[in-house]
Number of protein chains: 2
Amino acid sequence: MTETPVKRRRKRDRGAARGQVGQPRAPFILRKLGTFNILGEEGLCLIEENADTILAETGMEFVEDPEILDIFANAGCNVDGTRVRFERGFCRKTIQATAPKQFMQHARNPANSVQMGGDATVLCPSWGPPFVHDLDRGRRYATFDDFQTLVKLHHTIPWLHHSGGVVCEPVDLPANKRHLDMLYTHIRYSDRPFMGAFIGAERAGHALDMARIVFGAEYVAENPVLYCVSNTNAPLVMDAHMSGALKTYARAGQPVATAPWVLTGAMSPCTVAGTMAQVLAEALACLTLAQLVKPGAPVLMGSFASTMSMQSGAPTFGTPEAGQMVLAAGQLARRLGVPLHTVGTLSASKVPDAQSQQEATWGLMMSMFAGANLINHATGWLEGGLVTSFEKTMIDADLCGKLARFFDGIDLSENAQAMSAIAATGPGAHFLGSEHTQANFMSALFRPETPDNNAYEHWEAAGSLDTAQRANGLWKKHLEAYEDPGLDPAIDEELQAYIAQRKSETPDMDYF
Amino acid sequence: MTETPVKRRRKRDRGAARGQVGQPRAPFILRKLGTFNILGEEGLCLIEENADTILAETGMEFVEDPEILDIFANAGCNVDGTRVRFERGFCRKTIQATAPKQFMQHARNPANSVQMGGDATVLCPSWGPPFVHDLDRGRRYATFDDFQTLVKLHHTIPWLHHSGGVVCEPVDLPANKRHLDMLYTHIRYSDRPFMGAFIGAERAGHALDMARIVFGAEYVAENPVLYCVSNTNAPLVMDAHMSGALKTYARAGQPVATAPWVLTGAMSPCTVAGTMAQVLAEALACLTLAQLVKPGAPVLMGSFASTMSMQSGAPTFGTPEAGQMVLAAGQLARRLGVPLHTVGTLSASKVPDAQSQQEATWGLMMSMFAGANLINHATGWLEGGLVTSFEKTMIDADLCGKLARFFDGIDLSENAQAMSAIAATGPGAHFLGSEHTQANFMSALFRPETPDNNAYEHWEAAGSLDTAQRANGLWKKHLEAYEDPGLDPAIDEELQAYIAQRKSETPDMDYF
């Protein structure tokens with residue numbers, strides 16, 4: 001594309017869009033450090049055996065979708081009405097026989113393609129909230145304008161790797177068609193990977209059609225280019241909305257993650273060991289379905305196990321038990337041999353305050369220590385998932401960047417050892433002006449954007465702004481620096497024609 | 001002591017003081033989980049060899065304290081003026097020959113004695129700030145009244161294990177005598193372990209005298225009852241203020257931690273590997289001194305390695321590099337065979353906001369994953385250590401409790417496996433009313449005090465308070481529930497007479 005003067009001018013301050021000085025962006029995190037293992041062999045075997053017992057004795061319900069019952073019956077499973085029971089070990093064996101341990105999800109800009117599995121971690125923004133929040137306008141229902149703004153904002157954040165899916169629910173668009181507008185927005189305004197529509201076979205088909213327009217049908221047939229989260233209704237139920245999308249994506253060779261949102265005590269037992277056995281059982285059943293539908297279909301085990309207040313029943317986040325569960329999930333997924341999908345900076349707070357960051361930091365750090373391969377909701381989530389916060393997005397983005405840097409490990413090069421600097425400086429002197437510091441200060445230390453590290457007097461003189469207030473200015477600065485990645489006009493036209501055609505086929509409906 | 005009606009009434013709502021319902025307090029954390037190891041054998045050896053090179057070639061300055069130079073010379077070290085150089089491996093061998101791997105610090109209430117070393121972690125409150133901050137009165141110079149209030153507040157927090165030392169600097173008291181009032185306050189208003197005065201041999205002697213009054217001279221001669229932090233002046237200098245206290249405590253068999261506060265890029269190289277070699281070198285030299293003064297003296301390796309803004313020179317916290325450094329320190333201390341002293345919920349934020357908790361949570365979690373044995377500043381620290389915040393104390397306290405629960409590991413008992421609950425509940429039903437949930441809900445999940453997990457509408461109706469505002473009410477509630485542990489009147493009298501005598505011997509001075 002021809003570079004306009006406007007575009008050239010923007011490039012001057014695109015630091016925010018591409019990582020700060022000396023902090024180059026990577027398409028995903030490649031962890032050089034290990035994982036934190038919370039369970040020993042005995043504990044892991046116990047949970048695996050309990051999951052097998054659940055699948056063999058209680059089984060799982062697959063409702064409103066008779067085809068699935070045939071698929072399982074043909075594979076030799078015990079199908080009784082809509083209840084499916086599995087012989088001990090059958091699911092694990094089926095998954096391990098064909099599911100890939102690792103694969104790529106491709107972006108239309110190949111430099112942004114992401115690895116799923118192994119030592120890779122992919123960070124995705126907030127997903128699902130019907131509300132947005134910012135300090136200027138407060139909490140309000142999300143609109144399509146907010147959706148577009150968030151996609152652009154996320155694209156400016158170097159530490160996010162994925163454009164995500166429902167970054168907020170654009171409730172001003174008809175519920176039965178908005179998936180088309182959301183998909184288009186990801187494709188048009190970002191060149192990072194994105195998620196497919198996740199409710200029902202028909203919308204999944206639309207996502208596949210649009211992906212074929214962007215990537216070409218042959219490429220899509222051979223390569224993962226979409227990402228689908230397929231939730232169960234815990235405990236132990238999958239409905240046709242989810243199974244329809246799961247089948248459609250699996251058949252098309254597109255990645256599916258099964259991620260039941262479990263509130264321990266409500267949708268699972270109020271204990272970690274009980275919840276993890278159930279989470280594993282559900283994942284085993286659903287990933288088995290994907291492999292039976294298409295052997296070799298790329299899948300991820302999902303774990304979104306949250307706690308709840310046993311006094312009020314409200315969901316709670318950043319809790320000890322949630323941390324324990326995601327670490328256990330990491331170990332269980334690695335033993336199963338599939339990548340782990342999990343969740344990040346969750347919080348029940350209503351505003352981007354201290355609670356929001358104690359919970360968010362806890363959650364994202366635990367997911368990283370768990371060795372998670374894809375972390376949904378790595379930025380912006382507030383109020384138990386009802387809100388995407390513009391300010392929290394920026395504050396969480398710093399945490400994403402910190403973790404990327406942290407998991408890059410300790411540099412042990414001769415330069416990093418700095419032995420000559422220590423010898424030259426000697427006792428009682430300082431390193432500020434040393435040659436070594438001068439040579440390294442641009443890249444030596446990670447630079448987050450939202451903290452204020454200045455002296456009290458300087459902070460006061462700058463208006464005594466708290467972190468949320470500073471983040472308010474920052475997301476606007478980021479949006480100003482947003483650079484349109486451009487889209488081939490022919491592809492753009494074809495996408496728009498496709499969307500117009502689909503929209504014209506059915507009346508608007510405000511439910512799904 | 002006789003129980004007054006007032007005291008009985010207070011006991012009814014002492015939940016906050018003793019841990020919430022179903023969450024009993026432990027005197028220290030006994031970690032059932034492992035540590036996160038950031039360096040492999042090669043990296044650890046490299047840093048150890050570099051530390052040896054620093055000690056052999058550059059050496060360390062011990063200034064204003066000729067006795068130390070004699071001690072080192074007598075041990076065969078190379079003493080050149082005030083510079084001491086050590087043969088490769090000498091320090092490690094000296095420390096490993098006599099320093100205990102693990103010991104107890106005793107409290108006057110034996111139930112509150114803490115283990116130093118092994119799988120134990122002891123959490124201490126904020127240490128050193130000349131200012132305090134609360135939402136009612138803002139930021140102000142700390143007074144003795146604040147000091148007393150903080151000691152009482154800390155005593156109500158079940159997840160703190162230690163009463164600490166300079167919880168704030170009471171600047172309304174003469175600088176040369178306030179250590180006496182601080183020591184008295186810890187002894188009088190808390191029955192947990194506390195720290196000794198840390199500046200100079202004379203004040204260390206006062207702390208020992210007061211400990212002898214409380215515990216008896218024979219007991220103090222045989223048992224650790226104080227705790228001293230002895231900082232170097234990085235890089236590679238120790239002055240007489242610190243070495244004087246170090247020698248006094250070591251001779252008395254009282255624990256000493258050497259904890260240089262290093263700002264990478266200023267007081268050490270701007271790289272992790274370089275900083276850690278220097279930190280280890282300083283720790284090796286100082287712990288060697290303690291062992292030469294008294295073989296077998298209980299010591300801790302300290303690491304307080306922070307980063308700084310390379311733009312402004314301001315200290316920064318919760319950074320990737322700080323996390324890497326504390327994890328490396330944990331491994332280095334374990335290889336050396338001494339407990340690790342480090343730091344917790346540090347932040348440069350001026351207020352208890354989002355920044356303060358992103359940084360605090362990062363810092364305390366990393367220290368816990370490092371397997372730290374004593375964590376100073378586990379609550380309340382703001383503004384790079386210039387401020388103790390009453391509200392942040394409560395918010396950080398929740399994090400302390402969460403980590404204690406987390407490191408208790410996953411319960412794998414039959415009850416926690418909940419297999420019968422899963423079988424009885426079955427697909428699509430919920431666990432809220434299940435027998436298992438009813439039997440376990442009081443203790444199943446940790447309950448922090450500062451989060452608001454309610455629905456938006458309830459939160460709004462309750463005044464739309466952010467976390468800091470809720471914490472403001474909470475610390476007052478805690479103080480109301482404070483229970484005086486009491487002190488034997490004879491001991492109290494003796495302490496007061498001792499303090500009066502010491503104070504009468506010299507005029508007040510406002511510097512140290």
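How many salt bridges does the rule count over all chains? The count comes to 46, where a salt bridge is a side-chain nitrogen of Lys or Arg within 4 Å of a carboxyl oxygen of Asp or Glu.

## Getting your bearings

What you are looking at is a predicted model, where local features need pLDDT of at least 70, side-chain atom pairs count only at pLDDT 80 or more, and totals for chains, interfaces and linings use all residues. Residues are numbered from 1 along each chain as its sequence is written, chains are lettered from A and ligands numbered from 1 in the order in which they are written, and side-chain values use heavy atoms, with hydrogens and water left out.

Let's start with confidence. The pLDDT score is the predictor's confidence in each residue, from 0 to 100. Chain A has a mean pLDDT of 93, with 95% of its residues at 70 or more. Residues 1-19 of chain A are another matter: their pLDDT is below 50, and beyond near neighbours in sequence the stretch has 26 contacts in the model (contact means heavy atoms within 4.5 Å). Where pLDDT is low, the predicted coordinates should not be read in detail. For the complex, the predictor gives an ipTM of 0.95 and a pTM of 0.95.

## Where the two chains meet

The size of an interface is often given as the accessible area lost when the parts come together. Here, chain B and chain A bury about 9,000 Å² between them, and 70% of that is on carbon and sulfur atoms. Buried area is the accessible area (1.4 Å probe) that two parts lose on being put together, summed over both. In terms of residues, 108 from chain B are in contact with 107 from chain A.

There are 38 residue pairs in polar contact between chain B and chain A, with both residues at pLDDT 80 or more. A polar contact is a pair of N or O atoms within 3.5 Å; within protein, one must be able to donate a hydrogen and the other to accept it, and residues adjacent in sequence count only if both atoms are side-chain atoms. The rule also finds four salt bridges across this interface. One of them joins the side chains of Asp452(A) and Lys350(B), at 3.0 Å from N to O. Helices (H or I, at least four residues) and strands (E, at least two) are DSSP runs, numbered from the N terminus.

## Salt bridges within the chains

In chain A, Lys177(A) pairs with Asp508(A) in a salt bridge of 2.7 Å, N to O. Asp508(A) sits in the segment after helix H20 (489-505) and Lys177(A) in the loop between helix H6 (144-156) and helix H7 (178-189), so the pair ties together parts that are 331 residues apart in sequence. Buried means under 20% relative accessible area, exposed over 50%, and partly exposed in between (1.4 Å probe, protein chains only). Asp508(A) counts as exposed because its relative accessibility is 53%, while Lys177(A) is buried at 5%. The side chain of Lys177(A) also has a polar atom 2.4 Å from the backbone oxygen of Thr506(A). Another pair in chain A is Arg178(A) with Glu169(A), their closest N and O atoms being 2.6 Å apart; both of these residues are buried.

Over in chain B, Lys247(B) forms a salt bridge with Glu67(B), with the closest N and O atoms 2.6 Å apart. Lys247(B) is buried at 8% relative accessible area, and Glu67(B) is partly exposed at 32%.

Thr121(B) lies in strand E7 (residues 120-123). With 0% relative accessibility, Thr121(B) counts as buried. Its side chain makes a polar contact of 2.7 Å with the side chain of Arg31(B). Leaving aside neighbours within four places in sequence, the residues in contact with Thr121(B) include Phe28(B), His161(B) and Met368(B).

Then there's helix H14 (residues 390-406), whose 17 residues should span 24 Å at 1.5 Å a residue; the end C-alpha atoms are 25 Å apart, which agrees. The expected span is 1.5 Å times one less than the number of residues. H14(B) is mostly covered, with 15 of its 17 residues buried. Ser389(B) caps the N-terminal end of H14(B), placing a side-chain oxygen 3.3 Å from the backbone nitrogen of Glu391(B).
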